[in-house]
Amino acid sequence: MSFRILVLVKQVPDTRNVGENAMKADGTVNRAALPAIFNPEDMNALEMALKVKDERDDAQVIVLTMGPSRAADVIRESLYRGADKGYLITDRKFAGSDTLATSYTLAAAARKLMPFNLLIAGRQAIDGDTAQVGPQVAEKLNLPQVTYAEELQDVSGASVIVKRRLDRGVETVKVDTPVVLTVHSSAEPCRPRNAKRLLSFKHARTVTELQNEVKDYTSLYNDRPYLEIEEWTADNLKVDDEWLGLSGSPTKVKKIENVVFKQKDSVQITGADEDLDKLMKDLVDSHVIG
Amino acid sequence: MANFFLDNNHLKFHLEHPLMKKITLLKEKHFEDFGKYDDAPEDHEDALDNYEKVLEVIGEIAGDTIAPNAEEVDATGAKVVDDRVVYAPGTEENINKIRQANLFGLSLPRRYAGLNFPIVPYVMSAEIISRADAGFANIWGLQDCAETVHEFADEQLKEDVLPRFNRDGITAAMDLTEPDAGSDLQAIQMKAHWDEDKKTWLLNGVKRFITNGDADVSLVLARSEEGTTDGRGLSLFLYEKNEGKMIVRRVENKLGIKGSPTCELVFKDAPARLIGDRKLGLIKYVMSLMNSARLGVGAQSVGIADAAYREALDYAREREQFGKPIIQFPAVYEMLSEMEMKTIAIRSLLYETSRYVDVYKAYHFISEDRKLEKDERQEMKKYQRLADVFTPLTKLISSEYANQVAYDSLQVHGGSGYMKDYPIERLYRDARITNIYEGTTQLQVVAAIRGVSNGAYRKAMTEFAEETLRPEQEYLKKLLEKMTAQYDKAVRKVREQEDDEYWNFHARRLVEMAGNILTGHLLLLDARRDSSYDQPTAKFILKARSENVKHYSYITYVGMREANDFKKS
């Protein structure tokens, strides 16, 4: 029996380079105006999974993402870095999902991929910053969860040891598997794409993508069936349509405000040691640093 | 989030050179690996796409990891602890990333777990990494040693060693120089003797100035023929670090490329395996190794020049004096334009030479499988000859230009450039080695002057001149024709004295004149493909013309008698 690790990843708009049209009038993110990237903390999650694979020959890393057709990009990126297989959960019915509908859908997909030993996700996605999806998936699957994971220390037995990065320190916990982990950005950054895997998997496509290709992939896919990225729609999952997408999403954006930072008051300090000491003390006291 | 491949359009431009079609076809042997290996390309376009994809990975590692680490690596340097080299932490991280991405053994065939990269994209990788950190480029670039093993070692040794480059990411070193054998490798004293009991060769002696000397595998040049004193008594051996019979006595404290450990090594009864045949170590294998190492220094030079130019450009745009950015002053923008032009010029020369090497090496490996057809043999010879004369020219011009560009870049920075606060001081120090190691500029002249005396450069000029260009390029071509006539006169003038020493006295000037003309032609051909090269091409040819006029007049003024006055004892 192999050691199976599910990794939840998400394609997100690159909110670090926000332009004028970043938000739509209804307060939702204008995805078309921003480049799509691999959610940063999901990369940390993928690395955590791949590290287990470095240590255990029997480990298998399966990547799962929910999104439109182009979200297959993050699956390919995962395959280039060492993941074994990828699933794209995609359906028009999923459009407009909030965290509740998303975790409902992802949990259904994860259930279909049971049994697994670890389910690892990034702590939060940079488009919503909710940090809710991982924990909600855990609850729906009735599994223990460890949030803010920074390092997996022992994966040899039926339980794992996880180091958590918290605001005021580090906590080390031991937890039975299967378990859901959400990974903090302080965890090890993801390894680069592997040149050989990149060349081997560059033709990996979902069925939908294949239909839109000009090139005929039939013989290539007959020889190399592993190139197929599996695509699941709502019909492939045991789900109730009521709980999906907009109808399954109670969250509504009420109002959106632009926050402009303003200078209130200023303090002049000299380069003298005592002034610098005082500045450091003030910054620590006001929790700006430390 | 920087990518040193994607932010540099010149690389893609050279990757798409028309000759690449022949190169991928030969290197991939009509794409015979397709279907056998999942990473093998199907056709030319697929191969180019593969190179681009891998270069993108290298560009990302260079931009996001190697470049940000460069300052720390330079400050910390490599050390010796308990007879072993300890890299700077940044170097360790760089190597680790390169290993994770499977970027060692790039050029090896797939049957030895390599990526079967031609020289062009391989040299491009070297340029990209050098732009990030020239010192690290040495550690990475010594995977070249695998190429020497691949070319000359027996099958057993190849199967033992080669797959480990890509799979395990082993590092390599070439152990040539000794305290009394630097430029003159024939004087090597390191001993190799066959031990009948142990059934192995044993190495004894000292190596000095060895780059990355504590690598996993080392190619060691040693005297296997007792009683000999010249190069014909030397053979090449492969030593593995895990034998534990070699220690690092010291690491040199250098001016630049401080992350690249330069080691003094002591071998004591160190078991080693013979590469290829005895006695061919220096005269055949090392010559080949040196040629690819020279191309490596060419890539390093282009990378440093590119980095130095970018630093100067950024600084000149930001720095304001007398109420405006200094880039707006003629004295500054002229320097910047020249730096850019020089970088573009040496890049053209570098990839042209790389293409020559690619074609003839690909034929060489095909000839191991089957007899070459007559026209293939002729083509192989043609490109080999071109590679032989263009390699020293590339090494010479690119390393000298890299120094000039770094010098000017520091100048643009003014007083700030002299401080440790900006990367330019490191680039300036790093550049300084490029025209020294793998054969000094003066020794490149010794190799390149053959291209003057045997007419190889002249022939190349004639062939380039036959190319049809765009009408608006004709005036520059005419200028190159004038320069060629002047070059002929200069060669005649020096040659008619029939004096070797006088010939050598003016050798560098003649080589540089030829280099200027040839590079001018190459740039015109680039500009024919892409008119954005028009400006730098014009700048280069005008400059080259004035340089050649200067050289020519100096040759006219300094005859035998005047040259004699320079003698020192």
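**View 1. In this predicted model, 33 residues of domain 1 of chain B are in contact with 32 residues of domain 2 of chain B.** Several elements of chain B give two or more residues to the domain 1 side of this contact. Among them are the strands E1 (79–81) and E2 (84–86). Helices H3, H6 (134–141), H7 (144–152) and H8 (155–168) contribute as well. So do H9 (281–318) and H13 (424–431). By class, this side of domain 1 of chain B divides into 20 nonpolar, 6 polar and 7 charged residues.

**View 2. The domain assignment of chain B gives three entries, domain 1, domain 2 and domain 3.** Domain 1 of chain B is written in two segments, 9–169 and 283–431. Domain 2 covers 172–278. Domain 3 covers 441–564. Taken over C-alpha atoms, the centres of domain 1 of chain B and domain 2 of chain B are 25 Å apart.

**View 3. Chain B meets chain A through 15 of its residues, which are in contact with 12 residues of chain A.** Two helices of chain B, H3 (44–76) and H4 (89–100), each supply at least two residues of the chain B side. The largest share of that side comes from H3(B), with 6 residues. Sorted by class, the side of chain B that touches chain A has 6 nonpolar, 4 polar and 5 charged residues. Helix H3 of chain B also gives two or more residues to the side of domain 1 that touches domain 2.

**View 4. The largest nonpolar core holds 237 residues.** In soluble globular proteins, nonpolar side chains tend to be buried together.

**View 5. Ile120(A) is shown with its contacts beyond four places in sequence.** Which residues does Ile120(A) contact, leaving aside its neighbours within four places in sequence? They are Ile5(A), Val7(A), Ala45(A), Met48(A), Ala49(A), Leu181(A) and Val183(A).

**View 6. Chain A comprises 8 helices and 12 strands.** Along the principal axes, its C-alpha atoms fill a box of roughly 75 × 50 × 40 Å. Chain A has 290 residues, of which 38% count as buried. Among contacts in chain A with a separation of 6 or more, 70% join residues 24 or more positions apart.

How values were computed: Residues numbered from 1 in each chain as written. Chains lettered and ligands numbered in written order. Predicted model: local features only at pLDDT ≥ 70, side-chain atom pairs only at ≥ 80, totals over all residues. Contact = placed C-beta atoms within 7 Å. Helix = DSSP H or I, 4+ residues; strand = E, 2+ residues; numbered from the N terminus. Nonpolar A, V, L, I, M, F, W, Y, C, P; charged D, E, K, R; others polar. Domains from an automatic or database assignment. Core = buried A, V, L, I, M, F, W, Y, C linked by C-beta atoms within 7 Å. Buried ≥ 20, exposed ≤ 12 C-beta atoms within 10 Å, placed from the backbone.
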